[in-house]
Amino acid sequence: MTADKGTVFTPETTDQVVEAVHWAANAGEPLEIVGRGSKRGLGRPVQAGHGVDLSRLDGVTLYEPEELVLSARAGTPLAAIEALLEEHRQMLAFEPADLGPLLGGAPGAGSIGGMLACNLSGPRRIKAGAARDHFLGVSAVSGRGELFKSGGRVVKNVTGYDLCKLLCGSYGTLGVMTDVTVKVLPRPEKTYTVLLLGLDDATAARAMARALGSPHEVSGAAHLPAALAAKSGVSYVAGAGGAVTAIRVEGPGPSVEYRCAALRRELGDLGTTEELHSQNSLTLWRELRDVKPFVDVFDHAVWKISVAPTSGAGVVAEIAHGAAFYDWGGGLIWLALPSGGDGGAQRVRDAVAKVGGHATLVRAPLELRAAAAVFQPQDAATAALTQRLKDGFDAQGILNPGRMYPGL
């Protein structure tokens, strides 16, 4: 195989992926690995002269609804998989975000492989776990051009190292995934949301902690300050006239109604409560999942900050000069800051360092992503381990070089 400068390979089979990577390894030519390209703006700019586009590696290869398992080729559109699951009243329980619009692209354009490579998990993560917890099996090609497999079709099917966990969140720097298997779960019969109105950030954190500590099986807990609540497509949230704290309850209809009523009684001392039902409830959590409040502020950098829920309000107050909302019971902060200068990187890193946690620059201009630390800086021991893993899977550094950290 030969390639001109700037060649993008579009393999249709696993063998063609192996051939492309093997050529790159022999030629010492770095490759940019993309699923369908919807998240190219997430992470540092890749330093590569050629690319591998997996969008033709498409199609569900196995789906057994009764066994709660689905396998697909890595370039399969995530939207197509979710539509198939919907037909059987099933879902990806970790609620993967669609970041396409936030990053300036179209909705529903991402692939299942790209979603797993970025370990994207939405509001239900606090109950169902992250994407990597539902990742059962994978076939992938290493930076040496060698095909390897890990896992299988059931949860307890791992001997030795669980490479699914390792590849999930590696942003294509360790291997090119070609086929993936994930666990699916039944979709809830009903989804209701208890709303608390007018709480400040600190009080909202206490309310969410109380709800999550209750026996009512809360599957989502988020807080929108007044200015961001006003941007919601749910009329009741937008017209609330103040901050909105949302507590989600899912399951069989009678159970959901009982648990919502109990939560309203138990949280009523903190403020006025209301409920969202059916489509309005689903719409609100989709907005939170996809970071919709910040889609239209392209002159701002968007940060994803993970800290202890009790620390969230203090971190936002210290950083200041930006808009923020909270998910995961207050432990996840979505923050928009003006993208001039360092995009608020120094303030964010300093505030997070005081309480412990990590921060990721999810959206910023290319120049800022090239200059700033996009992912949480690593200590010396972690950086050394990361380098050893990279050397083990991709010794020549040809797979998405620089995507996560300089030199990797």
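**Entry 1: opening question and ground rules**

How exposed is Lys 231, and what is its relative accessible area? I looked it up and found that Lys 231 is partly exposed, with a relative accessible area of 35%, where buried means under 20% relative accessible area, exposed over 50%, and partly exposed in between (1.4 Å probe, protein chains only).

I note that this is a predicted model, in which local features need pLDDT of at least 70 and side-chain atom pairs count only at pLDDT 80 or more, while totals for chains, interfaces and linings use all residues. Residues are numbered from 1 along each chain as its sequence is written, and side-chain values use heavy atoms, with hydrogens and water left out.

**Entry 2: the whole chain**

I counted elements next, and the chain has 14 helices and 18 strands, these being DSSP runs numbered from the N terminus (helices are H or I with at least four residues, strands are E with at least two). The C-alpha atoms fill a box of roughly 70 × 50 × 35 Å along the principal axes. A compact globule of 408 residues would have a radius of gyration near 22 Å, and the chain agrees with this because its value is 21 Å; the radius is taken over C-alpha atoms, and the globule rule is 2.2 Å times the number of residues to the power 0.38. I also noted that 53% of the 408 residues count as buried. Of the contacts (heavy atoms within 4.5 Å) with a separation of 6 or more, 71% are between residues 24 or more positions apart.

**Entry 3: salt bridges**

I returned to Lys 231 and found that it forms a salt bridge with Asp 296, the closest N and O atoms being 2.9 Å apart; the term asks for a side-chain nitrogen of Lys or Arg within 4 Å of a carboxyl oxygen of Asp or Glu. This pair links distant parts of the chain, 65 residues apart, with Lys 231 in the loop between helix 7 (226–229) and helix 8 (235–238) and Asp 296 in the loop between helix 10 (278–289) and strand 15. Asp 296 is exposed, with a relative accessible area of 55%.

Arg 124 is in the loop between helix 3 (112–117) and helix 4 (125–128), while Glu 95 is in the loop between strand 6 (90–91) and helix 3, which places the partners 29 residues apart. Both Arg 124 and Glu 95 are buried.

I then checked Glu 287, which forms a salt bridge with Lys 292 at 3.9 Å between the closest N and O atoms. Glu 287 counts as buried at 9% relative accessibility, whereas Lys 292 counts as partly exposed at 43%. Salt bridges that share partners join Glu 95, Arg 124, Arg 248 and Glu 250 into one network.

**Entry 4: a buried lysine**

Which side chain of opposite charge is nearest to Lys 39? I found that it is Asp 98, 6.8 Å away, and that Lys 39 is buried yet has no salt bridge; here Lys and Arg count as positive and Asp and Glu as negative, with His and the chain ends not counted. Lys 39 sits in the loop between strand 2 (31–34) and strand 3 (50–53).

**Entry 5: helix 12**

In helix 12 (residues 345–355) I found Ala 345, Val 348, Arg 349, Ala 351 and Val 352 buried. Seen down the axis, these buried residues fall within an arc of 165 degrees, so they line one face of the helix; the arc is that of the directions from the helix axis to the C-beta atoms. The face turned away from the buried side carries the exposed residues Ala 353 and Lys 354. The cover over the buried residues includes strand 15 (300–306), helix 11 (312–319), strand 17 (332–338) and strand 18 (358–363). Just after helix 12, Gly 356 takes a positive phi of about 85 degrees.

Most residues other than glycine have a negative phi. I noted that Leu 68, although not a glycine, has a positive phi of about 60 degrees, and that it is found in the loop between strand 4 (60–64) and strand 5. Phi of Asn 119 is also positive, near 50 degrees, and this residue lies in the loop between helix 3 and helix 4.

Leu 70, in strand 5 (residues 69–73), is buried with a relative accessible area of 0%. Beyond four places in sequence, its contacts include Val 60, Leu 62, Ile 81 and Val 182. The C-alpha atoms of Leu 70 and Val 60 are separated by 7.6 Å, and the two residues are 10 apart along the chain.
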